[in-house]
Each structure stands twice: as C-alpha cells, then as structure tokens.
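Q: Here is a structure to go through. How do the terms used for it follow from their cut-offs?

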Amino acid sequence: MSLAASTSEAKAVEHAKYVAPVDAVSAVVYENADQLFAYECFSQRDLLYGSLQRWNQLQGKFFQELQVRAGAGLAPLGFAHGGDGEESLTAIVAPGYSLPYFVAAFNGTEGAAADGARFLLNVGAVNYDESSGTVYNDYATPLDTVVAQLRDKFVVVTPTNLQEAEKITLLAVAVSKFATDFRGALNLFDAVSYTRNVVPRGQIDSVVSQSPHLLASLQKHLKCGAGSSFTQVLDKFNELTQFHLHNFQYTGPEHPETVFVTLGAVQSELFANQCGGDVGNIAVRIPTPFDADKFVAILPTSVQNLVLINQGNGASHGNYLKNQINAALFYSQRGSQSKKTNVTDYVYEPDFVWSPSAAAQIVNTFAKTTRADTTANPANKQFIYWGRDKGDNVDVPARIAKSMSLDDGKYVNFKTKYDNITAAGLFQAQLQYGPDPQGFTTSNVDVASVAIVEDVALLKEVNVAATVQTGGDVILVARKPLAEQDLSKLDTFVKHENIPEQFLAELTAREINLTLIDSEEFFGEQPFGVSVLIQAAFWARSFGYNTDEIIKRVYVASNGQLETADLNKFLNEDSALKTNVVQIPFEKIPQAEPAAEPSKDNPEGEKQKEEEQPELPIFPRETSFGPNNTQNVTVPESQTSTVQEISKRLAFKEAYGITKKLRPDLPVKNYVVKVKTNKRVTPADYDRYIFNIEFDISGTGMQYGLGEALGIHARNNEQQVSEFLENYGLDPNAIVQVPNKDNHNVLESRTVFQSFVENLDLFGKPPKRFYESLVELATDADDKAKLEALVAPEGAIELKKFQDIEFYNYVDILNLYPSARPSLQQLVTLIAPLKRREYSIASSQKMHPNEVHLLIVVVDWFDNQGRKRFGQASKYISDLQPGQELVVSVKPSVMKLPPNPEQPVVMSGLGTGLAPFKAIVEEKLWQKQQGQTIGEVYLYLGSRHKREEYLYGELWEAYKDAGIITHIGAAFSRDQPQKIYIQDRIRETLPELRTAIMDKQGSFYLCGPTWPVPDITQALKDIISADAQEKGIKIDLNAMIEEFKDTSRYILEVY
C-alpha cells in the first residue's frame, strides 16, 4: 500500500466545505508523520484523534492508541529508537493535562536512548476543573511542564487565530524534523473550541496537500546534514512560505497606550478584534523559547500599560510569561525609569466563559478609550438553541445548520456545548450564519437574534433573555396546551405554563418578542410534529420565510426522512404553523402588577411575597463533550418480609443466592473494632466535653497511614428508636428489604429496628424534598395546607427556620403533621441514610500496631424548646464503653511527613485539630528509635484555657523533655487580659522558623477549624518574607504559598 493512498482521506479534509478544526490540524499531522501514538482523553476517549483513527483504517501508518498513565511516552520512545532514526517523525497526540506523565520518559535514560528520533507533540489544551466542574482550555499544564522540565527538548508553538491553525501545525512539523537543537516541537491548540465547532473550510488556511513539498524545499535550503537551529528553521520557513508566523503577532494602532498580551487562539482573536484607538494586542505564538529581543522590537514605544491575560487556578505559566516580559523590558531601553512600561495581569479562572462582550469589558477596565462590543459583522446572524441533552428535539439545530449550509454565498458555524449538571443535562447549540465566515467568532455567541428554548424548565436554570439582542425573538415550546387559554393574563404564563415572571419582565424590558409552540397534541401522534414546528417557527421569525420556503428547508434538513406531501399537509392544509405557533409581541406580554407605593394606610407599601431571585448564569457550565451517560433504571421499591421467609432463604442460601456481608450498604471497606479505653480529657464541670478514645484493631487486618482519618459509622440511640417505633406503630422485629445502592437487583434484608438504628438518619435534618413528599400523604386539610405553604417559594424563610433554628428532625416533623403518615416502605426511602463521620487519627501505627486513637469533642447545643441536642456521631462515640464493637473504615489523607527525616516539621492546631500532630510526633519518635537523625519539631497549639484544654499537654511536655519536640508555643487566649493566639506564638519564634522552613526545607501543617487559616497563612508569609529580605530578593508571596501547597510543604487539614 502506498503512502499516497494512506493519506488520501486526510487530504480530503482540504476540499470539504465544512470541517472541525481539530480535523484540519490532524490532517497536517497525518500527512507528515511516519507513526502516530494517540492518548485517550476524559469524557470522550478519541476527542483529539478520532479522525486520525478513521483515516488509518487503510493501515497506511503505524497507529497506537494508549491510555494516560505513569510512564506515558515510553512506548513512542522505544518504537522511535527501533525505527529509522532521524528520518522518522513520531507524532504523539495527547491532552494537555497528560504532559506531566511524559516528563520521566523524555528526561530519563529511556529518553536519552532515542536521541536520534524526532518527535511532534500535538497537544490539545484541555483539562477538567474539579472545583467548578467545568471542561476548560488548559494552556498552563503543558506550558508549565515544558518550561520547568522539558525546556531544552521542545519548542512550543500555538496558533493566534483559527485561520492559521494548519500553518502553525506545519511549522511544528518543520521544527520537529529539522531543528537539531531540540528534540521536537509541541503544537498546543485550543481543544475545547477546535473539537466542538464545525466551521466553513474558508475559516482555516489550508496547507495539507502542499505540506510535503514545502517541507522538502525547506530541508533542501537548510542543508540539514550540518544541523540547523530552531531560529534558522523558523526564519527559513517564513522566508519560503511567506506565512509570517513569527514569535509574536501585533495587531492595533501604531501608537497605542495599552497593549494586551494573549496566549491562545480564542483570547488572541477576541482581543485582536478589540484593537483600535489606544488599544493594541500582542499574541504570543512561540511562548518557549521566549525571544526577548523580538518581543521588545514588536512592542510599540508609546505603550504605557502592558496587560497579560493570565489563566488562573494556581497556574504558573502566567508568571513565566510575566517574568519573561519584565526581564525583556528591564534589559532593554524600556527598562529605564523614564520609559518604564507598567506590566500587570488580568487573571481568569477555569470556568470563565470567553465571548466578544467579555473581552470588551476587560478592555474597558484597563484602557482609556471605552469600546463597545462591535466585533461581529452585521451581515452575519447569530442564533442559540437551548434544550435537554437527551431531548426529543436535540437534533433540531443540526437540521437548521444543514439547511443553512446549502445556501449559495452563505456560510454557517455550528458549535455545541454540554452541561451534564444543570437541569440534569443541558444542551446548547450556537449557530452563526452569513456571507463572511471570517467574521464568525470561535469563542461563544453571547448575543443572538433568535433563541429557541425546547423546555420551559430551563428558564429557571439559565438567563436566556440576556443572550438575545434587543428586538430579538425567543421561541419557546409550551409545556401545556394553549387552546382555550387567555394569553392576556399573567396566570396563563406563570401558573399554567410555569414560565418565570422575571423572564417575562426581561423580555418586555429588552423588547424581545415571544413565540409559543403549542406541541401537546403532537406528542406520540406525529413523531416529527414538534421538530417541524420548531424549525418552521425559526425560519418564519428569523428570516420571514413563507410556508412553501419553510417546507423546502425542513425537507432538505430531514435527510429524506420526511416527504414534502406530508409536510405540506401538516403545515398548509392542517394549518399547524398558524394554529400551533402563537406570536406575542413584547408589548403584549403580560406583567405582574407593581408593588403598592407607601401610603397613609399602608406606610410600608406592599410586602414582596417572594425572596429576591438568584442571578442566573448566561452560559451553560460546560462539563463534558457529550450528553449525560445515563440510562433509565427501574429501581425496585423497598419491601417487607417475614421472619419465616428469611429463615427459609437462610436455610437454602445457594438456591436463593444469599450472601452475608458486613454493612453491604456502605461503599468502603469496613472493619469491626473494639473499644479499648474511653476517657474524658476535660474537667467534668467544663462546658466542652472532649475525650480520647482508643480502639483495639487486633486481627482485623486494618492498616492506616499518617494523617489518615477514621470513619465512624455511628448508630442512633436505641432507646429513642424504640420509642419512635412504638409511637408510630411499627414492629421492630419485622423484616424490611431495601435495594442495594450498587446493584438494584440485590435486596438487603434487615429488621425494622436494625434499619432505624444503623441505616436511617432518623434524628437528622430533613431536606425540602421530605416535606414535599409529605404534602401528597397528608390526609388532614390543615396539615396539607401548612406543608404546601412550607414548600412554596414564599415559605422558604419558614422552612429555613425549621431546619436551622428549630433543628427539627424527621421525628419532629412526623409529630407536627400526624396525618402525613408514610408507610414503612416509604419511610426507608424518604429518610436519608446515616453518613459516616470522619475523625483525624491521633496515633502512629508504627508505635501502636494494634490500636487506633481519636481525639473528639462532643457537639451539643440547646434548641428553641430548651432541649439539649447533640451531634449524632460524637454523642454516640462518647457513650461507647470498653469492649463494645462498632463498624469503622479508613479515609486516605494528603498529609505526609517530609521525605527526609532531617527536614523540620512545624505544626499549628486548635482544639481537637491536635489529633494528627500526636501521630506525627509518635512517628518522629519511631524514626529516632530506628537510629535516624530527625529534624526540629515545632508545635503551636491554641485553646481557651490551659487548665481545662491543654489537650495531650503531659505528652507534649514529655516529648519535649525527650528531645523529640523542639519547641512548644502554647496560646491560651483567655488566661490573661489580652488575647493571645497561635499566630502570635509563631511570630515570637520567627527567626528560628525562618531557618527551619526556608533554609532546611521544613514543612508547615495547620489542622483544626477553618477560621484561623488567613491569620496562620499570613504568619507563614511573614516567615517567607523575612527570608527574602535577608537574602535581598523579591518574591510573590501568594505564589510562594501556592508553591508550598503544591509541593506538600504547607498542608491544611481544616473543617
């Protein structure tokens, strides 16, 4: 098979009318690489290489699909070393977050073994942010990885706009093949936009077919036998191709005052479109190696403010670029005070949504000239579709886009986004349509002329109106029939259709017209009815097309699934477009009556019944590359059984498939341990009950590490449970069967008494859904009315009072509304399960191989009725007696000791936060007993009074006398007139701590409640700052703190 045959499919991308940008990039890679290794991505396995895999079905090249794991890169390195050496180019396609896994391979002996091989890393900038739950373009991880550990091995190139995506990929290929001072190049591209957009081919300059010829010509001119540097390759590449892909790209006026520096195609395109007046943009095309001379040369001399658009989330690449820019200015004439350029940055978080208006707002923040968002070509139109990710009409926007794509002289840009969290699965499609594809944005459509909303419920999740231009249209599929409804009344919209009042008010305020689609009669009868109506309404409202033109477009979009005769009958003869599509001009949308003004009879005016509505997001939270991977699973209901039936099943276990397990309802590995000792450590007359409890774990096989937590699976008070069961009329010995959480086909059998003692949080706080369930069960009209009022929007304050002031539990609520009486099967479903409570382990298993220790405070308070209430778990544990058994589990921890025993340890904790420090000190004692030299151990602790709360005080003093603890800084805040806190004790020994932490690379630990974190962190900053002052260096304290956290030298275990 010839190479030409193997690459023909890739070349076909060049002639397609529409293309996904990732396929355009992949085509250049496939055309010029000799072998390919592709690494999977989260959410969608083949996100970055699906087209490569399809093209390679002809077996034209070696292609290997791999998972991201430790040692990534070893396979391609080994393959390349056994191949054709310098003449062979190995392409590695990988997500950006995987780059750290490649470092060992390229830096280790395995990497050195393949010195003759050349590598192209085609990397999609993508990651998942756990804190916000969003997918985002992560330029930081790959760039930081290269800068910190692979700087001498890879050049990093990245496109500054979509148009040059293929050209930049070809540049990366050229550098990978011919720049002998590097191992290869890393082509870093916008994975999120490039994989979710389908764009006109004209938006991307194509070089696929001509790339082999260009590379051959470049090789000839470089005379590569003698070796060529990266700079030589770059210069000769631009000379031959005339692509002008230089290190930096300046866009803007000749004499700007403010210049924005951007990295990434989306950001660079947006800010380039904002240029004009006193605003310019420098897009970074080659971030490393950073050419300081070229940066200074391209920077206009008039610039007073340089703003770096910097990715947040603790990333340091922004610091890298900022440091490079500052150094470039300092060592040039621009570094003199008289010509000094102020360098600052704008930090955006991973969940930030880039759009033309977002860029305009940033520019307006920093620039003197206020700019409006005028980047879009007025000849182009923009549309947005909102729906469920598994809705019946999720294909409607694709059908509309297909019809648009067939128009002569017009183009369409199609983008999809998935939010798996909002509304249990939200789908958004963005369409741009018009004669100018270069005017399309590759970021996000934030102002549409028409928005389609498939589900009314979504209006309570996202601010649809904010994404529609003034004078635009919203097409909304109604949830209930509109026939015989009075559309001039607000109740029709709010109560009948469940449309939020705020949404209606925004439509009127922004002069947005509303089109309602009455779809009720078509569900189940006309499988295409709703889809056709949505498309018909769209074409009518967006372009004013008549019915005949609409029929043509819907037919074309159906891919032959519909007949024109059927469409004509549906839309023309049956008049569906007239009778089932209702247009309501904005001025006729009913509004709520304004609140009454204050008067003599009503001095306060009319009280608002509802709380202020929370601000809704404008964009979906992009959490995935596809819809929710869910299936409708029918979960069997809980059942009751008899002792006789259970006895029969136990007698014939194999026949009935019966197994016996310890707490099968719990997803973690569990152990049964015995109480060894339980001793209160605060005086009996003291208001805080703190106790030390020790468990015997002999024979359990339980292992735990330093800083880990013990999960206690507490039980409800048996006497209180018995009282409830008796009052409720339940037989404690009856059998109840509950579906297993992991396998719904497996039923767990236990007695009613056992369920309410061990499994159900009977004395916990019920959520709102419990009250909602009781509404349907209440037989008394008064109970029903009260419950309905509680769960209504206007009852939110009263419900919060029930939960957070009265502390009503499930039993209280069942007593308050006695006619709402769930059955046993309903109770075991409605009452939330008991959750395990985790406590930091206060012992080292090396010193106590068969024990585990905890230090716990009993949580207690008085409610409004004067009843003393307790935290369920802490009260249960405090009442345990020696010899009693309980179920526990182990939870891992990020806490660990420094790798070298001689590195100092600094610990600070409040109250029971001292628990893990006892384990650390015991671990240090064990190290010393093994003959190891240990570093200094500093302990800072805080409580109110020494006499009552010097927790483990005798132990600390004994360890200090034994030379294990170096210093004890105890802060008892209320034992003297002035308050003394931990941070005060830390500052008293600042010189010693500076030496321990900075000179000897010590680690700092903070455990306990969250409120001291800012003060303790500031104390640590003082230590770092003192060190910097002594050494005469300038540092970024916030960056240093983040570095300490990243390297496990500042560890927080707070609650």
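A: Start with the elements: helices (H or I, at least four residues) and strands (E, at least two) are DSSP runs, numbered from the N terminus. This is a predicted model, in which local features need pLDDT of at least 70 and side-chain atom pairs count only at pLDDT 80 or more, while totals for chains, interfaces and linings use all residues. Residues are numbered from 1 along each chain as its sequence is written, and side-chain values use heavy atoms, with hydrogens and water left out.

Q: Where is S843 placed?
A: S843 lies in the loop between β29 (837-840) and β30 (851-857).

Q: Why is S843 called buried?
A: Buried means under 20% relative accessible area, exposed over 50%, and partly exposed in between (1.4 Å probe, protein chains only). S843 has 2%, so it is buried.

Q: What makes the pair S843 and Y704 a polar contact?
A: A polar contact is a pair of N or O atoms within 3.5 Å; within protein, one must be able to donate a hydrogen and the other to accept it, and residues adjacent in sequence count only if both atoms are side-chain atoms. The side chains of S843 and Y704 are joined by such a contact at 3.0 Å. A polar atom of the S843 side chain also lies 3.1 Å from the backbone nitrogen of H853.

Q: Which residues does S843 touch?
A: Contact means heavy atoms within 4.5 Å. Leaving out residues up to four places away in sequence, S843 touches Y704, H848, E851, V852, H853, K918, A919 and E922.

Q: Why is strand β4 called largely enclosed?
A: Seven of the seven residues of β4 (residues 89-95) are buried, so the rest of the structure largely encloses this strand. L89, A91, V93 and P95 point one way, T90, I92 and A94 the other. In a regular strand the side chains alternate between the two faces of the sheet.

Q: How do you know that β4 pairs with strand β2 and with strand β5?
A: Two strands pair if DSSP finds at least two bridges between them. Four bridges join β2 (residues 35-39) to β4, in parallel. Seven bridges join β4 to β5 (residues 118-125), also in parallel. A91 of β4 stands opposite L36 and opposite L120 in β5.

Q: What is the strand order of the open sheet?
A: The six strands run β3-β2-β4-β5-β9-β8, with parallel pairing. β3 (62-66) and β8 (154-157) are the edge strands, because each pairs on one side only.

Q: How does the span of helix α19 compare with the one expected?
A: The expected span is 1.5 Å times one less than the number of residues. Helix α19 (residues 529-543) has 15 residues and reaches 21 Å from its first C-alpha to its last, close to the expected 21 Å. Of its 15 residues, 12 are buried. G544 follows α19, with a positive phi near 70 degrees.

Q: What is the number of disulfides?
A: A disulfide is a pair of cysteine sulfur atoms within 2.5 Å. The count by this rule is zero.

Q: Why is C41 called buried?
A: Its relative accessibility is 7%, so C41 counts as buried. C275 is buried too, at 16%.

Q: Why is N498 called partly exposed?
A: N498 has a relative accessible area of 29%, so it is partly exposed. N498 is not a glycine, yet its phi is positive, about 65 degrees.

Q: What makes the peptide bond from T288 to P289 stand out?
A: This bond is cis, with omega near 5 degrees. Most residues other than glycine have a negative phi, and most peptide bonds are trans.
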